[in-house]
Amino acid sequence: MKPAPFDYVAPRTVAEACAVLSEAGGGATVIAGGQTLMPLLNLRMSQPFILVDVNHIEGFSGVTRVPGGTRIAPATRQAAALKDGTLAAHVPALVSALGHVGHHQTRNRGTIGGSVALGEPAAEMPATAVALGAAIDVASVRGTRTVPAREFYLGPYMTVLEPDELVTGITYPDWGEGHVVLFNELAQRPGDFALTGFVGTLALDGGKITRAGLAWMAMGPTPVAMTEAEAVLAGQTLDGIDIAALSDLALRPTAPFDDQHASAEYRRTVGKRLFEKTLRAALQVKEVA
Amino acid sequence: MSEHRVELTVNGARLAATTEARTSLGDFLRLKGGCTGVHLGCEHGVCGACTVIVDGAAVRSCLMLAVQAEGATVTTAEGLAAADGSLHPVQQAMRENHGLQCGFCTPGVVCTFAALVDRNERPDEAELVNAMSGHLCRCTGYQGIRKAAKALAEGTVGQSQQTGSAA
Ligand code: FES
Ligand code: FES
């Protein structure tokens, strides 16, 4: 399988990239690491007439601390993020999830921004952005805007990004000292897309949960935020959580799908078990500490 | 559509050629570089057979465009052995531990391990085995590949022509 022919540009600035995207009138596609896009091109599911390679844009790689959060430049490689000390300290949920993004070889090319921008519903990075309440910076010739991750995803590979817009950064808010990271997923083989899974963080203050951010992957057409479960968790003590009741609430907003790998019912059943098991294990650790 | 001039270093030699933008790095290495050790299996990132080393990191050459490799330093399976023909430790480990049958997946596996070994002479066994998950072996010879990984981690490559050394 070879891609349909296309042209290729590698702009050095956001302005140049946006100009190309604008002129192309919807016929251009942005490529960063290419680990999701290249299969789509090779299978001819995507047939742009021009590819805009953002790997060479100045400032498009790296992790920086910003007031109240941590900002990841979009073309930061997943492999680099996995080893990044700032992310390990401030966004550990993202690092936990990253270890499950594709394989060693694809993480060497794949980027955080590419995964967030494409919006594969079973992927870890979109779910993590939703769970943690990340903010996605976007630019076009018309100006810039910042979209909350929770308003970014519309469906599988569908987002609020306009065809002329480019993701320029993702900011993950701080969750405070001593927060609990929750992550688990089930995949057929390591590195495959999750059949079901979730990621999240509980912010703590003296044994009390002050804030919860949790989202499912592969449990609907987009990452699914567990909004009701989050609301119930806030204000509770760790040992006061009714895990069975909570997992029912957590599942309520999901709309899992059937495919050749798993039925919707399977995803729901296993997802619930996985959620309960992970929560129980996480709370145990806290009780000992 | 557009033809692009691409210049990169492949196995220590300069390779400059024009190519269509849509040409994958894997196809480019085979067609313009003569590196037929680059095996393209699935061409959509699943099998890992096409893995090569780009600027020190193992990547899938079917998921990277040749134009994106402009200026890069690439090593394929052909470039691993020394000039005198002596095998790279990874090749030696694969040979000693029966790490291949038909050999289709092998160049990719060898490049993945070599990138890790060349970065850190004694990589962790867990790290090597984790990286193995990025490869499918249609002959299902995973145990031999695993043994090779273990030998690399333990630094026992070349110490014995025997296979199946004590666990
Ligand atoms: S040919 Fe590249 S991963 Fe299969
Ligand atoms: S040795 Fe035949 S595919 Fe691996």
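Predicted model: local features only at pLDDT ≥ 70, side-chain atom pairs only at ≥ 80, totals over all residues.
**Entry 1: aromatic rings**

I started with A:Tyr153, which comes out as buried, with a relative accessibility of 11%. Over all chains, I get 4 aromatic pairs. A:Phe152 and A:Tyr153 make up one of them: their ring centres are 5.1 Å apart and the planes stand at 85 degrees, an edge-to-face pair.

Then I went to A:Phe198 and A:Trp216. How far apart are the centres of these two rings? I found 5.7 Å, with 70 degrees between the planes, so I noted this pair as edge-to-face. My cut-off for that label is an angle over 60 degrees. The pair ties together distant parts of the chain, 18 residues apart. A:Phe198 belongs to strand β12 (residues 194-205) of chain A, and A:Trp216 to strand β13 (residues 208-217) of chain A. Are they buried or exposed? A:Phe198 has 0% relative accessibility, so I put it down as buried. A:Trp216 is also at 0%, and buried.

I also checked whether ring pairs carry on from there. They link A:Phe198 and A:Trp216 with A:Phe275 in a cluster.

**Entry 2: a charge over a ring**

Which ring has the charged end of A:Arg211 over it? I traced it to A:Trp175, where the charged end sits 4.0 Å from the ring centre.

**Entry 3: salt bridges**

On to charged pairs. A reminder to myself: side chains of opposite charge can pair when their charged atoms come close. How many salt bridges does the structure hold over all chains? I have 17 in my notes.

I picked out A:Asp164 and A:Arg142, whose side chains meet in a salt bridge at 2.8 Å, N to O. These two come from distant parts of the chain, 22 residues apart. I located A:Asp164 in the loop between β9 (158-159) and β10 (166-173) of chain A, and A:Arg142 in the loop between β6 (135-140) and β7 (143-148) of chain A.

Next came A:Glu276 and A:Lys272, another salt bridge, with 3.2 Å between the closest N and O atoms. Why are they about one helical turn apart? Because they are 4 residues apart in helix α11 (residues 264-288) of chain A. I wrote down A:Glu276 as buried, at 11% relative accessibility. A:Lys272 is partly exposed, at 23%.

B:Glu20 is partly exposed, with 24% relative accessibility.

I then went back to chain A for shared partners. Salt bridges join A:Arg142, A:Arg145, A:Asp164 and A:Glu165 into one network.

**Entry 4: A:Ala15**

Where is A:Ala15 found? I see it in helix α1 (residues 14-24) of chain A. A:Ala15 has a relative accessible area of 56%, so I count it as exposed. I also checked its distance to A:Leu233, which lies 218 residues away along the chain. The C-alpha atoms of A:Ala15 and A:Leu233 are separated by 43 Å.

Notes
Residues numbered from 1 in each chain as written. Chains lettered and ligands numbered in written order. Heavy atoms only, no water. Salt bridge = Lys/Arg side-chain N within 4 Å of Asp/Glu carboxyl O. Buried < 20%, exposed > 50% of the residue type's maximum accessible area, 1.4 Å probe, protein only. Phe/Tyr/Trp six-rings, centres within 6.5 Å; stacked < 30°, edge-to-face > 60°. Lys NZ or Arg CZ within 6 Å of the ring centre and 35° of its normal.
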